[in-house]
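Open the model in a viewer and keep the sequence panel beside it. The stops below are meant to be selected one after another.

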Amino acid sequence: MYPPHLLVPMREDLTSVGFQELTTADDVVNTMENAEGTMLVVVNSVCGCAAGAARPGVKAALAASAVKPDKMVTVFAGGDLDATAKMREYLLPYPPSSPAIGIFKDGDLVHFIERHHIEGRSAQMIAQHLEMALEEFCTPANA
């Protein structure tokens, strides 16, 4: 586990744009079991691909997309161990991955971007991928 003070700026990178941190397994269960509508989940990380591509890509996609998820949450791998482990249960059948980005619709995982889809790609590429996914899954069916 990383020292909490080192994670503050990495956490704020997402909370500053409206993400709610889930820091305990109970937070995750309460959020996921009561999920309605669309939810964007980011498994945050200290790695370079989180800082250079995942977080900037997520923020750029949210800024560019005409549609937004109903809720945005994050867990921090290496910081909130129990919360991350519990969230990973909801991300099955995908193996543990951080960073990672998921979109849930009414509690069901409908899109997942694994670490190997993030590594080696630019923030712009991540943003374009996520923006297309947001438009596909967050647009109301009758729109």
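Select Phe112 to begin: this residue is buried, because its relative accessible area is 7% (buried means under 20% relative accessible area and exposed over 50%, with partly exposed in between, using a 1.4 Å probe and protein chains only). Phe112 is found in strand 5; helices (H or I, at least four residues) and strands (E, at least two) are DSSP runs numbered from the N terminus. This is a predicted model, in which local features need pLDDT of at least 70 and side-chain atom pairs count only at pLDDT 80 or more, while totals for chains, interfaces and linings use all residues. Residues are numbered from 1 along each chain as its sequence is written, and side-chain values use heavy atoms, with hydrogens and water left out.

Now show what surrounds Phe112. Leaving aside neighbours within four places in sequence, Phe112 is in contact with Leu91, Tyr94, Ala100, Ile101, Gly102 and His117 (contact means heavy atoms within 4.5 Å). Ile101 is 11 residues from Phe112 in sequence, and their C-alpha atoms are 5.8 Å apart.

Select its lining: Val43, Arg88, Leu91, Tyr94, Pro95, Pro96, Ser97, Ala100 and Phe112. The space inside is about 30 Å³, and the structure holds 1 cavity of 30 Å³ or more. A cavity here is a set of points, on a 1 Å grid over the protein atoms alone, where a 1.4 Å probe fits but cannot get out; lining residues have an atom within 4 Å of a point. By class, the lining has 7 nonpolar, 1 polar and 1 charged residues (Ala, Val, Leu, Ile, Met, Phe, Trp, Tyr, Cys and Pro count as nonpolar, Asp, Glu, Lys and Arg as charged, and the others, Gly among them, as polar).

Next, select the loop between helix 4 (81-90) and strand 4, where Pro93 sits. The peptide bond from Leu92 to Pro93 is cis, with omega near 20°. Pro99 lies in the loop between helix 4 and strand 4 as well, and a cis peptide bond with omega of about 0° joins Ser98 to Pro99.

Move on to Asp106, in the loop between strand 4 and strand 5. Asp106 is not a glycine, yet has a positive phi of about 50°. Asp106 counts as exposed because its relative accessibility is 52%.

Then select helix 6 (residues 123-137), which has 15 residues and reaches 21 Å from first C-alpha to last, close to the 21 Å expected at 1.5 Å a residue. Colour its buried residues: Ala123, Ile126, Ala127, Leu130, Ala133, Leu134 and Phe137. They cover an arc of only 135° around the axis, so they lie on the same side of helix 6; the arc is that of the directions from the helix axis to the C-beta atoms. They pack against strand 2 (38-44), helix 3 (48-64), strand 4 (100-105), strand 5 (108-113) and helix 5 (115-118). On the face turned away from the buried side are the exposed residues Gln124, Met132 and Glu136.

For the last stop, select Asn44 in strand 2. Asn44 counts as buried because its relative accessibility is 1%. Among its contacts beyond four places in sequence are Met10, Arg55, Phe76 and Ser98. Met10 is found in helix 1 (residues 4-15) and, at 17% relative accessibility, counts as buried.

Notes:
Expected span 1.5 Å × (residues − 1). 1 Å grid on protein atoms, 1.4 Å probe; cavity = no way out; pocket = protein on both sides within 12 Å on 5 of 7 lines; lining within 4 Å. Points joined across faces, edges and corners; volume = space filled by probe spheres on them.
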